[in-house]
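Student: Can we go through this model together? I'd like to learn where the labels come from.

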Amino acid sequence: VPATPPTCSTITTPANNALNVAIESNISWAANIDATGYYLQIGYSTGGSEILVNTDLGNVLSYNPPVDLDYSTSYFVTLTPYNANGIATGCTETTFTTRDEPLVGALCSNPIIIDPTALPYTTTDNTNLYEDDYSTGAPCSNATYMTGDDVVYTISPATNMSVDILLSNLTATWSGIHVMDGCPGTSPNCIAFMGNSGSGNRDLQDVLLTGGTTYYIVISTWPDPQSVGYTLTITENTCVNP
């Protein structure tokens with residue numbers, strides 16, 4: 001049974017001065033055998049408390065912020081253990097910086113939006129400008145063609161329409177294009193898919209899109225190569241079901 005206040009504890013995650021920290025990160029610390037609880041304070045500057053005023057969290061070893069942290073932002077954290085004899089003194093503040101915001105098109109939450117009323121649509125790009133955020137193309141291709149860098153487009157037609165989706169001018173082999181009614185990893189339906197080991201075109205003909213549904217068009221590769229350059233062209237057919 002401790003007869004004095006506890007000593008300070010160490011914040012383990014994120015580590016002090018850590019960079020590129022995920023915005024969904026929790027804050028965790030090592031257990032202190034003499035502590036019966038912990039105060040936590042989080043701010044944007046030394047001694048700040050804009051995120052969390054010095055708060056008694058009880059006898060826990062982590063804190064999950066109620067909302068995601070901001071991108072490209074430095075945070076300052078102070079953890080203070082306590083017990084029946086008092087609170088720890090002189091505890092050192094730690095700091096970490098979150099990762100940069102991903103480009104539009106790197107994530108389903110911030111995709112490149114295609115206007116279905118402005119077809120034909122064409123763009124030339126390279127998946128190496130984005131990130132490797134998704135690891136499964138199921139049910140279209142399992143992990144086969146979703147283990148490289150991924151770029152995400154969406155199209156949300158107001159009424160039923162038929163489109164042709166062409167992936168051309170490929171700069172590498174082992175690439176694929178997926179059309180799903182949901183984000184990869186959320187158990188979507190596979191609307192259309194084409195992927196193979198060659199560098200020829202991936203040509204999806206007469207892809208039927210239902211009005212009022214958002215479709216995700218995802219281009220990715222095997223891990224070797226990690227990325228691929230491409231031209232994406234989407235055209236509308238004059239008949240919904242030719």
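This is a predicted model: local features need pLDDT of at least 70, side-chain atom pairs count only at pLDDT 80 or more; totals for chains, interfaces and linings use all residues.

Student: Why is the aromatic pair of Tyr145 and Trp222 called tilted?

Tutor: Rings of Phe, Tyr and Trp (its six-membered ring) pair if their centres lie within 6.5 Å; planes under 30 degrees apart are stacked, over 60 edge-to-face, and the rest tilted. Tyr145 and Trp222 are 6.3 Å centre to centre with 50 degrees between the planes, so they pair, and the pair is tilted.

Student: What makes Tyr145 count as buried?

Tutor: Buried means under 20% relative accessible area, exposed over 50%, and partly exposed in between (1.4 Å probe, protein chains only). Tyr145 has 8% relative accessibility, so it counts as buried. Trp222 comes to 31%, so that one is partly exposed.

Student: How do you know that strand S12 pairs with strand S17?

Tutor: Strands are DSSP runs of E, at least two residues, numbered from the N terminus. Two of them pair if DSSP finds at least two bridges between them. Five bridges join S12 (residues 151–155) to S17 (residues 215–221), so they pair, and they run antiparallel. Ile155 stands opposite Tyr215 in S17.

Note on methods
Residues are numbered from 1 along each chain as its sequence is written. Side-chain values use heavy atoms; hydrogens and water are left out. Helices (H or I, at least four residues) and strands (E, at least two) are DSSP runs, numbered from the N terminus.
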